[in-house]
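Visitor: Hi! Could you walk me through this structure?
Guide: Happy to. Here it is.

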Amino acid sequence: MAPPKEGKKKAIAQKKEKLFHPQSRKAEQLARVQHRKSKLEQVAKARSEKQRSQVDIYSFFYHAMPADGVLSLEDLHKIIESVWLTRFDGKLEEERKSRRKGRPKSVKEQKLEELKLREAEEYRTGLEVIDLTYPPNVELFRRWDRKAVEFIQQLRFIRISSDSPSVAVVSRPGKHPSLLESKDKENSARDEHMDIDEAPLLMEPLSRFSSTITAMDGPSTS
């Protein structure tokens with residue numbers, strides 16, 4: 001086989017140079033693909049870390065459930081105040097002790113202090129938590145495998161506040177069929193109770209109102 005001509009060799013070399021030169025269109029395209037891939041990997045990693053963080057939070061409340069029954073609203077506040085908001089106090093104290101006198105706060109110490117302040121403010125203005133005071137919700141929560149975040153989205157959430165400890169507002173009623181069924185039963189019972197309370201006079205005998213009816217009609221004329 002005859003060796004390629006000099007002109008043909010030059011054309012092949014120029015083509016390769018065009019494909020792989022840093023300023024070539026192909027190189028820019030490959031760089032864009034790689035950048036997009038790297039960005040997607042970062043997003044996936046961030047999402048995974050967020051899910052792990054959510055699982056940790058929900059696991060805390062999972063273990064806060066009593067063995068039987070439900071928590072009172074007062075007990076739920078006690079858990080938030082004495083356990084949830086103080087969970088990083090040990091690490092924060094370690095950072096403070098390890099800091100030499102006159103030295104600035106470490107990044108870790110600053111982040112822990114900021115987190116503590118942010119969570120305390122959130123609790124003061126309104127903290128959303130899984131409703132551990134509602135029996136159907138607690139019964140459903142006990143079935144969680146402590147892995148799937150999607151399952152948690154079906155639960156009922158309430159918003160509680162340190163400024164109004166006796167008030168709990170339903171922020172998410174829950175999407176699970178068992179919760180929807182319980183809600184319908186509650187609404188029916190409430191409507192029935194309201195019907196009885198709002199119309200008690202209809203249940204009284206007509207004879208009770210005979211004198212009132214006579215007075216309204218005026219004295220009879222013969």
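Guide: Let's start with the strands: S2 and strand S3 (residues 168-172) run antiparallel, joined by four bridges. Strands here are DSSP E runs of at least two residues, helices are H or I runs of at least four, and both are numbered from the N terminus. Two strands pair if DSSP finds at least two bridges between them.

Visitor: Before we go on, what kind of model is this?
Guide: This is a predicted model, where local features need pLDDT of at least 70 and side-chain atom pairs count only at pLDDT 80 or more, while totals for chains, interfaces and linings use all residues. Residues are numbered from 1 along each chain as its sequence is written, and side-chain values use heavy atoms, with hydrogens and water left out.

Visitor: Switching to helices: at what angle do H4 and H5 cross?
Guide: Roughly 145°, with the axes of H4 (residues 89-98) and H5 (residues 107-125) coming within 9 Å. Axes are lines fitted to C-alpha atoms, for helices over the stretch in contact, and angles run from 0 to 180 degrees between N-to-C directions.

Visitor: And which residues meet there?
Guide: From H4 there are Asp 89, Lys 91, Leu 92, Glu 95 and Arg 96, and they meet Lys 108, Glu 109, Leu 112, Glu 113 and Lys 116 of H5. Contact means heavy atoms within 4.5 Å.

Visitor: How many salt bridges are there?
Guide: The count comes to 12. A salt bridge is a side-chain nitrogen of Lys or Arg within 4 Å of a carboxyl oxygen of Asp or Glu.

Visitor: Which residue does Glu 109 form a salt bridge with?
Guide: Arg 96, with the closest N and O atoms 3.9 Å apart. The pair links distant parts of the chain, H5 and H4, 13 residues apart.

Visitor: Is Glu 109 buried or exposed?
Guide: Buried, at a relative accessible area of 1%, whereas Arg 96 is partly exposed at 38%. Buried means under 20%, exposed over 50% and partly exposed in between (1.4 Å probe, protein chains only).

Visitor: What about Arg 124, which residue is its partner?
Guide: Asp 163, with the closest N and O atoms 3.1 Å apart. Arg 124 lies in H5 and Asp 163 in the loop between S2 and S3, so the pair ties together parts that are 39 residues apart in sequence.
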